[in-house]
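Q: Can you walk me through this one? I'd like to start with how the strands pair.

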Amino acid sequence: GMVNAHCHLELSDFEKTDEAGKGMTHFIKSIINNRHKHSNQKKIAACDAAMFEKGINLVGDIVNTDKTISTKINSRIRYHNFIEVSGIKNCETDKKTAFAEQLAIKFTKSGLKNSVIPHAFYSISKSLLEYTISKSKNEVTSIHFLESEEESDFFTGKKNSLFTFIKEIDPDFTPLAANHKELFKLTSVFSEASAMILVHNTAVKNDMPDLNNNIFFCLCPSSNMFLHNNLPSKEFVYKNKDKLIAGTDSLASNDTLDILHELKILANNYPGLSLIDLLKIATTNGAEALRQDNFGQFKEGIAPGIILIENADLINLKITDKSRIKRIL
């Protein structure tokens with residue numbers, strides 16, 4: 001069974017509209033302005049069922065609400081729920097942390113594994129960052145990381161649209177990092193996490209330093225192409241292939257929550273990734289990143305799910321555009 005390491009199931013009733021190519025700031029504003037309009041439980045349940053039929057057995061899911069709890073209680077998919085915290089105003093820290101704590105209690109009481117995480121280094125105050133660090137010890141954590149050139153430029157001091165947007169919210173906000181060197185150093189503050197997932201990595205440059213061994217890099221190629229018409233560099237992908245995992249992001253920036261679809265994009269854009277590399281990205285690596293030993297491999301006593309990739313090129317060992325998933329078990 002496959003692993004979707006980064007999803008926003010609660011956004012399943014969003015539909016892609018005019019966000020294509022308009023950048024991250026435009027997309028963030030759209031989500032903020034429209035999130036309250038969406039809570040279609042039938043669509044959330046339908047997307048959960050569709051993911052299972054598409055061969056997904058394990059999902060790392062970002063949550064900002066309790067909208068997905070009822071679906072997940074009855075799901076055939078195992079979820080690790082990342083309770084996301086964001087907010088750049090220090091005066092809102094107590095309110096934000098109290099909400100996260102209450103949400104964690106709801107998921108825990110429902111028998112759903114969860115951990116509290118920061119949204120991104122550009123969208124969180126120093127006090128909220130310290131809170132998420134305190135919650136990360138021996139837990140899996142995840143953070144949106146260098147998703148776009150806008151974010152990259154933001155951390156080099158450029159007063160771009162992201163900078164303007166954040167300053168409109170809090171004129172006194174000071175970025176947590178003034179350059180890329182300081183930004184990469186921030187990842188080390190989560191060194192006591194059992195694993196840290198950096199999500200997107202579209203704008204990571206080739207001068208990235210070696211990071212802690214507990215870090216995994218999640219690629220969401222379909223979403224990145226839709227929002228930014230860009231993917232991580234080949235050099236970055238090939239260098240870190242043993243630490244790569246895959247996610248779908250949400251239907252707000254994707255047409256389908258289908259990991260095989262993401263693998264096809266990776267296969268077409270990174271010919272240096274073998275079929276074995278791609279399958280590890282979608283199974284073993286993802287399960288390791290989410291610290292779920294019961295998934296991602298064939299081993300006596302565990303239940304990873306079994307799927308067949310039909311119409312694969314077995315001569316050249318390639319996924320093709322005609323490849324599809326058939327669930328076996």
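A: First, a term: two strands pair if DSSP finds at least two bridges between them. Keep in mind that the model is predicted.

Q: OK, how many bridges join β5 to β6?
A: Six bridges join them. The two strands run parallel. β5 covers residues 140–145, and β6 covers residues 195–200.

Q: Which residue of β6 stands opposite H144?
A: V199 of β6 stands opposite H144.

Q: And β6 with β7, in which sense do they pair?
A: In the parallel sense, over four bridges. β7 is residues 215–219. There, I197 stands opposite F216.

Q: Is β6 mostly covered or mostly open, and how many of its residues are buried?
A: Mostly covered. Six of its six residues are buried.

Q: F216 came up in β7. What lies over its face?
A: K243 lies over the face of F216. The distance to the ring centre is 4.3 Å.

Q: Where else does a charged end sit over a ring?
A: Over Y79. The charged end of K72 sits there, 4.9 Å from the ring centre.

Q: What are the details of its pairing with β1?
A: β1, residues 2–7, is joined to β2 by four bridges, and the strands run parallel. M2 stands opposite I56 in β2.

Q: And how many bridges does β2 have with β3?
A: Six, again in the parallel sense. β3 is residues 78–85. The bridge partner of D61 in β3 is N81.

Q: Switching to helices. How do α1 and α7 cross?
A: At roughly 35 degrees, and their axes come within 8 Å. α1 is residues 24–34 and α7 is residues 161–169.

Q: Which residues make the contact?
A: M24, T25, I28, K29 and I32 contribute from α1. From α7 come S161, L162 and F165.

Q: How do those divide into nonpolar, polar and charged?
A: Five are nonpolar, two polar and one charged.

Q: Now the aromatics. How many pairs are there?
A: The count comes to six aromatic pairs. One of them is F121 with F145, which is edge-to-face. The centres are 6.4 Å apart, with 80 degrees between the planes.

Q: Why does that pair tie together separate parts?
A: F121 lies in the loop between β4 (114–118) and α5 (126–135), and F145 lies in strand β5, so the pair ties together parts that are 24 residues apart in sequence.

Q: Are F121 and F145 buried or exposed?
A: Both are buried. F121 and F145 also form one aromatic cluster with F184.

Q: What about Y238 and Y270, how are those rings arranged?
A: Edge-to-face, 6.4 Å centre to centre, with 85 degrees between the planes. This pair links distant parts of the chain, 32 residues apart. Y238 is in helix α10, residues 234–239. Y270 is in the loop between α11 (259–269) and α12 (275–282).

Q: Is Y270 buried or exposed?
A: Y270 is at 2% relative accessibility, so Y270 counts as buried.

Q: And why does Y238 count as partly exposed?
A: Because Y238 is at 31% relative accessibility.

Technical notes: Residues numbered from 1 in each chain as written. Predicted model: local features only at pLDDT ≥ 70, side-chain atom pairs only at ≥ 80, totals over all residues. Heavy atoms only, no water. Buried < 20%, exposed > 50% of the residue type's maximum accessible area, 1.4 Å probe, protein only. Axes fitted to C-alpha atoms, helices over the stretch in contact; angles between N-to-C directions. Contact = heavy atoms within 4.5 Å. Nonpolar A, V, L, I, M, F, W, Y, C, P; charged D, E, K, R; others polar. Phe/Tyr/Trp six-rings, centres within 6.5 Å; stacked < 30°, edge-to-face > 60°. Lys NZ or Arg CZ within 6 Å of the ring centre and 35° of its normal.
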